[in-house]
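Biologist: Hi! Could you walk me through this one while I have it open on my screen?

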Amino acid sequence: YEPQNYDHKFEGPVTLRRALENSRNIPAIKMMEEVGPNVVVSYAKRFGFSREFPPYLPIALGAGEGTLLEVTSAYTVFPNRGVRARPYFIQTVTDREGNLLEEGRTEPVNVIRADTAFMMTSLLEGVVARGTAEAASNLEWPLAGKTGTVDDNTDAWFIGFDPDITVGVWTGLDAKKSMGANETGAVAALPIWMDFMKAYIATHSEPPSFVAPVNIVFLPVDRSTGTVVPSHTPGAITETFIGGTQPAGFDVDR
């Protein structure tokens, strides 16, 4: 098995954050190998995917198929502090006089811890701030998400969220064939997502915020190496840690 990055280049050692922001394939494979394929597919089940994914490394790059509804529902775990919102289609049923006959409600499912969900949200905020979805940063709204591009550009994805809403976009053809050499998630799916979010944002006067659990710690780090640096260091970014996991000997900025 010899996977490649999308650009067929290798950058050497990179932080997990940078790998995620720039959609680097090899770090995803190595991470799955380190934690164990069986662990990864068990989490996929917890996140609501109905298929039985085989515990093979290509799953880390999207070899296992999921519906747009499943993937979007899975991403609700992050802004919902570790709780997945099961989707439902019918909001309300009323009679001709407007009397409420039936109301649809989501069923919350605990998936991961709230601090872990916030860590993932922070990583996915970086995708919008500096990574493959950087174009969405022009919306000037608290946003996080991830682009996705399937081999040969047959499918392009963007799943993103703010603290209150999670939206998924998939683009592709009826047949499993390429949409074109440049039709990546950032090119084909993200602009559609941004158009929707522009209309959504226009209906809100104040932006919401991602609220950190009390045990989350923030420290300035070098973006390339992840090394903790003084806060005034040029190019430093704020990294998120679960309390007790931050490098020893550094002050805590909650």
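Modeller: Happy to, and keep in mind that this is a predicted model. Let's begin with Glu52, which counts as exposed at 65% relative accessibility.

Biologist: Okay, what does the Glu52 side chain meet in a salt bridge?

Modeller: Lys45 is the partner, at 3.1 Å from N to O. Lys45 is partly exposed, with a relative accessible area of 36%.

Biologist: How many salt bridges does the structure hold?

Modeller: There are 13. Some share partners: Arg17, Glu21, Arg130, Arg223 and Glu239 are joined that way into one network.

Biologist: I'm looking at Glu11 now. Which side chains meet the one of Glu11 in salt bridges?

Modeller: Arg18 is one of them, at 3.9 Å from N to O. Arg24 also meets Glu11 in a salt bridge, again listed at 3.9 Å, N to O. Arg24 sits in the loop between α1 (16-21) and α2 (25-35), while Glu11 belongs to the segment before α1, so this pair ties together parts that are 13 residues apart in sequence.

Biologist: And Arg24, buried or exposed?

Modeller: Buried, with a relative accessible area of 11%. Arg18 counts as partly exposed at 25%, and Glu11 is partly exposed too, at 40%.

Biologist: Let's switch to the sheet. What is the strand order?

Modeller: The order is β5-β6-β7, in an open sheet of three strands with antiparallel pairing. β5 (144-149) and β7 (166-172) are the edge strands. Each of these two has a single partner strand, so one side of each is left without a neighbour in the sheet. From one strand to the next, the twist averages 5 degrees.

Biologist: How many bridges join β6 to β7?

Modeller: Seven, with β6 covering residues 155-161 and the two strands running antiparallel.

Biologist: Nice, found them. Which helices lie across these strands?

Modeller: Helix α5, residues 114-130, lies across β5 and β6, and runs at about 65 degrees to β5. Helix α6, residues 185-201, lies across β5, β6 and β7, with an angle of about 35 degrees to β6.

Biologist: What about α4, mostly covered or mostly open?

Modeller: Mostly covered: α4 spans residues 68-75, and six of its eight residues are buried. Those are Glu70, Val71, Thr72, Ser73, Ala74 and Tyr75.

Biologist: What do the buried residues of α4 pack against?

Modeller: They pack against β1 (83-85), α5, β5, β6 and β7.

Biologist: Let me zoom in on Phe47. What does Phe47 touch?

Modeller: Leaving out residues up to four places away in sequence, Phe47 touches Ala74, Val77, Phe78, Arg84, Val111 and Ile112. Ala74 is one of the buried residues in α4, and Phe78 is another of the residues with the most contacts inside the core.

Biologist: What does the second, separate core include?

Modeller: That core has six residues, among them Val217, Val221, Ile237 and Phe241.

Biologist: Where does Gln246 lie?

Modeller: Gln246 is in the segment after β9 (236-242). It counts as buried at 17% relative accessibility. A polar atom of the Gln246 side chain lies 2.8 Å from the backbone nitrogen of Gly244.

Biologist: Last one, Tyr88. What is Tyr88 in contact with?

Modeller: Gly104, Arg105 and Thr106, leaving aside neighbours within four places in sequence. Tyr88 lies in the loop between β1 and β2 (92-94), and is partly exposed, with a relative accessible area of 38%.

Biologist: And what separates the C-alpha atoms of Tyr88 and Asn138?

Modeller: They are separated by 31 Å, and the two residues are 50 residues apart along the chain.

Biologist: Great, thanks for the tour!

Note on methods. Residues numbered from 1 in each chain as written. Predicted model: local features only at pLDDT ≥ 70, side-chain atom pairs only at ≥ 80, totals over all residues. Heavy atoms only, no water. Pairing = 2+ DSSP bridges. Helix = DSSP H or I, 4+ residues; strand = E, 2+ residues; numbered from the N terminus. Axes fitted to C-alpha atoms, helices over the stretch in contact; angles between N-to-C directions. Contact = heavy atoms within 4.5 Å. Salt bridge = Lys/Arg side-chain N within 4 Å of Asp/Glu carboxyl O. Buried < 20%, exposed > 50% of the residue type's maximum accessible area, 1.4 Å probe, protein only. Polar contact = N/O pair within 3.5 Å; in protein donor to acceptor, adjacent residues only side chain to side chain. Core = buried A, V, L, I, M, F, W, Y, C linked by side-chain atoms within 4.5 Å.
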